[in-house]
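Hi everyone, thanks for coming. I'd like to walk you through one model this morning, so please have the sequence and the viewer open.

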Amino acid sequence: MGFKAFRGGAFNHSHENQAFNTLYDKLQAEWQDRDEELYLFGNFFVAGKEFDALIVKNNAMIVIDFKNFGGEVTFSENGPWKCDDIIVKGGNSRNPFLQLRNNKFALLDYVKSGHVELLSRPNLGHIAGLVIFHQPIEFDESQVPQQIKSWFHICDLDKALRTVDSIASAEIDLSNRDLALIVEAFDAPEYFPDGKPATKQISLNEDDQSNIDFSPLGSQRKALDAANSWISSANSALILKGMSSTGKRTLLSEILNLISAKNLSPLLIAPNARLAKKYTEMVGGEFTSIYQTLYSNKSDGVIKKSNGVELAKHPIILTNEEVKDKVIVIVESHLISNSYYDMDSAIFGTGHMVNDLLSVFGDTPPKLLLVGDPYQLSRGDLDQCLLSAQALNDKGIDLVEVFLEQQIESDPKELHGFQFDIAQQMQLKQFNQLPLANNDVVCEVDNSPDIGKEITMGRYQGVYLTALNDVAHKINMAAKLKVLQQANPYSLCIGDLVDFHTSSPAINDNPEGIENTIDWVHSGEIMCVTGVSDHVEVIELLLKGRDVATSVRIGEFTCDVPSVGDVRLKYLIDYLHAEKPELNQDQMLVLSIVARQQAEEKFKDLKAKVKQLKEGKHPDYDAENKKYRELVQNQIAYSPLLNAARIRYAYSMTVHRAQGRNWNNVFLDASRGSSGDAITNDAYFRFLYTASTCTNIKLNLLKYPKLTPLYKCQFIPNSNCKVAPFTIAKGFNYSVTEGQELETFMPPVGFDSDVLELKYLCFEVSKKIQNTAWRISEIKQHSYQEMYTFEHNSGAKQRVRFTYDKNIKVKTLVYPDENNEPELCNELKTLLNTSPKLNEPRLIKAMEAIEEFYSSTDFNILTAKERSEWEMLIGLSDGNDSIELKFWVDKAGLATKVMPERASTQEVMDLIKGALNE
C-alpha cells in the first residue's frame, strides 16, 4: 500500500518540473504509510491530450493542470482568467477551466473506449479537475458556479495536499487491481526524483534465477522480453531501434548479460575503430571495427577503376566457421551501408559491406543483434543501411524488430524534447512543423564573433556544422584568418585542429619494413597539430592526353595522439585546402601510378629474377612470381603516398561528417539540409535530428526556418467575401461506418427509422453517454430534427434538439431546458462535444495543424467541410467573432493558399491575416 509516481518524460518548462516534484514530495510524505493507494502520473498523453498530472486513488480520479502564477485569481467559465491582471491561459484553450474540462472528457472517453477495463465500473462523470498554482494565490471560491464546484477545484501548492485529500466521490470506488490496470494502460515509467530507479530481480527463465540490477521502464521491458525470447527462439536476428535517450545502451548491456547467461559467445562490432573504442569503454566487452573483423588488412590484388586508378583489394577473411556459434552484435548499425563504397586507394570486399557480411553466414545464419537509431542520416541510401533490414529480408533471414518508442528522462531535457518532436513528425511522415528553439539548451542565434572563439577553443569544445562542404571550407578559412589570425590560412599551422578522414599510419622510421608500423590515427579522430615541416614533396606526372603535368603536394606534420604522444605523418596538402574533401581524378591516378612505380623499383631485383625464371621455364617460376606480386601489392597498399593523411580543418564540417561524434557546443547552419533547399521532407528533418545528436550541452541554430503548417500559405483577398455578423454552430460530428456494433445496437424508445445516418447518429450519441450518469429515455423524430430526452441518475431531464440538413449532417444542437438545471446541462454539453470530421487523411492532418496554429489567437475550429480532395472550408470562432476560410492543401499536407469566404467583422479578418503574415 502507499504511494507511487509515474512520468512519461521531461516537462517542457523547469517550473512545471519543480511543481511536480514538490507535489511528489508532499504526497509521498503523507501517503507512504497509509493503507490506501495513491498514484501520481506526470507529463503524459491520453487520447491526444497532454496532461500535466493525474492522481488516481481508491475514491477519486483527479486531472491536474499546473500554472506558474501567483496573486489574486479571477475565474471565468468561458472567458479569460487573470492573476493580478495577468492573463492565465489553459494551453491551447482560452482558460484553465476549459482545458481541464477537455482533458477530463478525453480521459473519460479513453476509459469508455475499452483502453482500461475497470472492474469496479466507476461513474466517470465524477472525474475531478484541479488547477494548482505554483505560487501563493488569493481566490474567492464563490466565483465558481455551484454546478461546477462539484468537480472543479483551484488551489496553490501550499494547499495541494489538503485539497487532494478532500476530493472524493462515492461514485468512484477503485480497487487496487483497477489502479494496476490504469498503470498498465498508461505504460508510463515509474518516477524517482533522484534519477535512480529502484532495482528488482528479473527472472531470465524458469531455470535461471540470476539477479540483474536493472529496472526496465516502459518499452524497455518489452524489448528485454523480446531479447529473452529471441535468444531461445529460432529467429536469427533481433533489431533494436530507438531514438536518442530511449535506453539502447543500457539495454545492450542487459542483453549482453542474457547472452552470457546462455553461455553464448558474442562477436562485438562497431562501424569504425573510433566507435569500437568508445563502446568498449562504455558497455564493456571488446568491440572491433567491422573493417577489422570482416576484411584483411593486407591487399591480395588490385581493381582498376574506369578512370585508371588502381584500388588495393582487401579480401573478406571472416569465415562461416568463426561465426556459426557466435552471437554477432553490431552497434550504430544505421552507419553501416550496403551502398557501394571505396576509399580512393582501396576497396574492401565487393564494396557492398552488408552483402559481404551476409555472404559469410552461409545457409544457417548465426544469431544477430542490430542496435541503431532509425531517425539519423544513413550512409548511402536509407533502405541500404543495415538497420533497415532490407538485405536481411532479401536473404530470407528470420528477424524480430523492437521499437523503443519511449524516451527516458535525462539531461539535457530540452534537447531530448527537441529530438522527440522531430522524430515524431518523421514517424508520422508529416513535415509541416519544426519544434521551437527558445530555451537555454536549444536556441536560435545570429552570426557572432563569439562563434569563432567557441569553435577554436579545443578538440571537442565547439564545432560549426553545415550541409555543404564548400560552406564548411569557408568557415574553416574564416576561423584561421579572423579568429586565430594566421597570416596564411591556406597553410597548416601549429595549433590547428584537424579531422582525419581516413585512418593514417605514422611515418615508420624502422628500416625493417612498413608492416611493423604500430601507431595509427583512426578516421574520425580530431588532433591538434604540434609541428609542421617546411619541406613539401611535389609529385608530378604528365598523363596521357593531357597538355600539362598533374601535380600532387605532400607535406609532413606531427600531432599529439592521446596515450601515444607526438606522431609524424604525411598529409595531402591539396586535399586539406580544396573546397571539397577530395582529390581530382588525375591526382588520384598520379598517386596510383607513382605508388606502383615505387613498389616495382623497390623489388626490381626480384622482378628480374622472375623474368629469368619465366624465360627459362623454371619450375619455381609460379611460386616466385606469386611472391613478387604479393610484395609489390603489399608495398602499394602501405604506400606513404596512398596512405598520406586525408585531413580537413575541424572547426567546421558537414553533419554527415560529424555524425557519431559529440561536442559541448554545436552551431548548426539550419537553412537547408544536405539533400537540397527543401525543408518540408524527411531528408531535412533527418539532417536536423542528426545534428542534434552531436552535442552534449547546447545546440545553437543559425538561420532556423519558421516552419509551420502555413509555411507556404498565401492569403488571397476575396472581393466577394461577406462581412456581416454571423455565428458558427458546431453541431454533432460523426462518421457513418456500418459494422457489427451497429447491427447489434438496440435503439432507445421512440426511435423508428431505417435511415442509416440517423441510426448511426443514435449509436454515436449513445456511446457518448455510456458509463455515465445519463441515459436516453425517449426520442421524438421530426422532419430534419431529432428530439432526444436525456435522464440523469438524479431523475432530472434535459432535452436536446439535433437539427440536420438534407445530407443528414447535424448542424446545431439546441438545449431547451438548459435554464432549469444549468449545471447538469453543461455536463451534458461536454459529453456531447465532438470535433469536426473529414475523410481525406491529408486534409485531416492539415486541419489539425491549422487549429494548433490559430489556437494562439483563441480561435477554435468549429466546422470543417471538404470541397474536394485539395480544398476544405474551415469555420473558426473565438466565441464572439466568426470567420469561414477556404484552404487549399498540397500533397504534403501544407496549406498553400487561404481565402476568406465570410467574416463577422473586418477586424477578425485582419487578425487572421496578421497571424499568417507573422
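**A buried phenylalanine to begin with**

Let's start with Phe790, which is buried, its relative accessible area being 0%. Keep in mind as we go that this is a predicted model. You'll find Phe790 in strand β36, which covers residues 785-792. And what is Phe790 in contact with, once we leave aside its neighbours within four places in sequence? Its contacts include Val765, Ile769, Trp774, Arg775 and Ile776. Further along the chain, Ala796, Lys797, Gln798, Val800, Phe802, Leu828 and Leu832 are also in contact with Phe790.

In what order do its five strands come? The order is β20-β32-β31-β21-β30, and together they make an open sheet with parallel pairing. At the edges are β20 (442-444) and β30 (652-654), each pairing on one side only. From one strand to the next, the twist averages 25 degrees.

Let me zoom in on one pair. Strand β21, residues 462-466, runs parallel to strand β31, residues 663-669, and four bridges hold the pairing. As a reminder for the students, strands of a sheet pair through backbone hydrogen bonds, in either a parallel or an antiparallel way.

Next, the helices on this sheet. Helix α15, residues 469-483, lies across β21, β30 and β31, and its direction is at about 175 degrees to β30. The helix α13, residues 413-428, packs on the sheet too, where it touches β20 and β32 (695-702). Between the directions of α13 and β32 the angle is about 60 degrees.

Helix α13 also has a helical partner, α21, residues 682-692. Their axes come within 10 Å and cross at roughly 160 degrees. Angles over 145 degrees count as roughly antiparallel, so that is how α13 and α21 are placed relative to each other. The crossing of these two helices is left-handed. On the α13 side, the contact is made by Leu415, Phe418, Gln419, Ile422, Gln425 and Met426. Facing them from α21 are Asp682, Phe685, Arg686, Leu688, Tyr689 and Ser692. Sorted by class, this contact has seven nonpolar, three polar and two charged residues.

For contrast, here is an antiparallel pair. Strands β39 (residues 860-866) and β40 (residues 871-877) are joined by six bridges. They form a hairpin, with four residues between the strands. Within it, Glu866 has Met872 of β40 as its bridge partner.

Asp85 is not a glycine, yet its phi is positive, about 70 degrees. It sits in the loop between β6 (81-83) and β7 (86-88). Ile808, also not a glycine, has a positive phi of about 55 degrees, and its place is the loop between β37 (797-804) and β38 (810-814). Which way does each go, buried or exposed? Asp85 has a relative accessible area of 69%, so it counts as exposed. Ile808 comes in at 14%, so it is buried.

Note on methods. Residues numbered from 1 in each chain as written. Predicted model: local features only at pLDDT ≥ 70, side-chain atom pairs only at ≥ 80, totals over all residues. Heavy atoms only, no water. Pairing = 2+ DSSP bridges. Axes fitted to C-alpha atoms, helices over the stretch in contact; angles between N-to-C directions. Contact = heavy atoms within 4.5 Å. Parallel < 35°, antiparallel > 145°, perpendicular 65-115°, else oblique. Left-handed = near helix turned anticlockwise from the far one by under 90°. Nonpolar A, V, L, I, M, F, W, Y, C, P; charged D, E, K, R; others polar. Buried < 20%, exposed > 50% of the residue type's maximum accessible area, 1.4 Å probe, protein only.
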